[in-house]
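Have the model open as you read.

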Amino acid sequence: MSHAVPLERETVGVAGRGRSIEWLGVIALLAVIIAQLNGVLNSPPDRDMGHLQKIMYVHVPAAWNAFIAFFVVASASLLYLWKGQERHDLLAASAAEVGTLFTGLTLALGSIWGRPTWGVWWTWDPRLTSTAVLFLVFVGYLSLRSFVEDADRRAQWSAAVGLLGALNVPIVYMSVKWWRTLHQMQSSPSTVDPEYAVGLRTNGIAILLVLIYFIMKRYRAARIERMAEHVAERAALEGRTNG
């Protein structure tokens, strides 16, 4: 059973955070622009891939932050199943939307990178396949939420799917070690050439700010939507009682 926070207190809290979230969005945008310019302009072309290698500055941070989003989904889903509070369900759903977006971006950029590198847009490589499965699981998660009308049932089913989907994240991450794969080993500031490490790290931080902004923005919108639904439900009950 969900335990909604009183609407009056909730409205004040959610409305008061709007400006802070918008400022975070401005900071995140500036951080991405600065990090991208630094990475693209100050790092040399790769010996084998040339300037194509610089797609790494978006592709790799997008993958990292998709994993972070799904960690939030798993954590919030567990909290919902434990405490039954609606805010945890809404946080999980918000993070799932953003994580799905970042996973789709990871797949798209990987295909663009793979075409000149491997000669194909797509191959059923373990890393690519497990990432596609992760994407489809969370597309299914979002579809489930749109089809189930009962809020408590939707939250419970979504929490179960969110937890199961998040279990795929370690499989995606470890796939290049567990199976023979075309995909290179995991990229991190410690595994790439030092000339690329700063650009990769700064873009990872910048895109993390974007992730946080998107989740907070979507979460705030979800809370407002639910408050409106609660007001409508209350008005309907009062109308039937008075009638």
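Before looking at any pair of helices, a word on geometry: axes are lines fitted to C-alpha atoms, for helices over the stretch in contact, and angles run from 0 to 180 degrees between N-to-C directions. Two packed helices are then described by the angle between their axes and the distance between the axes.

This is a predicted model, so local features need pLDDT of at least 70 and side-chain atom pairs count only at pLDDT 80 or more, while totals for chains, interfaces and linings use all residues. Residues are numbered from 1 along each chain as its sequence is written, and side-chain values use heavy atoms, with hydrogens and water left out.

Now the overall picture. The protein chain has eight helices and zero strands (helices are DSSP runs of H or I with at least four residues, strands are runs of E with at least two, numbered from the N terminus). Of its 243 residues, 42% are buried, meaning under 20% relative accessible area with a 1.4 Å probe, protein chains only. Take the contacts (heavy atoms within 4.5 Å) with a separation of 6 or more: 78% of them join residues 24 or more positions apart.

Find helix α7, residues 168-178. Its buried residues are Asn 168, Val 169, Val 172, Ser 175 and Val 176. Looking down the axis of α7, these fall within an arc of 135°, so they line one face of the helix; the arc is that of the directions from the helix axis to the C-beta atoms. Their cover includes α3 (56-83), α5 (126-147) and α6 (151-166).

How do α5 and α7 pack? Their angle is about 165°, and the axes lie 8 Å apart. That makes α5 roughly antiparallel to α7, the label for angles over 145 degrees. On the α5 side, Pro 126, Arg 127, Ser 130, Thr 131, Val 133 and Leu 134 take part in the contact with α7. By class, the residues of this contact are eight nonpolar, four polar and one charged (Ala, Val, Leu, Ile, Met, Phe, Trp, Tyr, Cys and Pro count as nonpolar, Asp, Glu, Lys and Arg as charged, and the others, Gly among them, as polar).

Next, turn to α3 and α6, which pack at about 135° with their axes 8 Å apart. That makes α3 oblique to α6. Among the residues in contact are Phe 70 and Val 73 of α3 and Ala 155 and Leu 163 of α6. This contact has 10 nonpolar, three polar and one charged residues.

Key: Buried < 20%, exposed > 50% of the residue type's maximum accessible area, 1.4 Å probe, protein only. Parallel < 35°, antiparallel > 145°, perpendicular 65-115°, else oblique.
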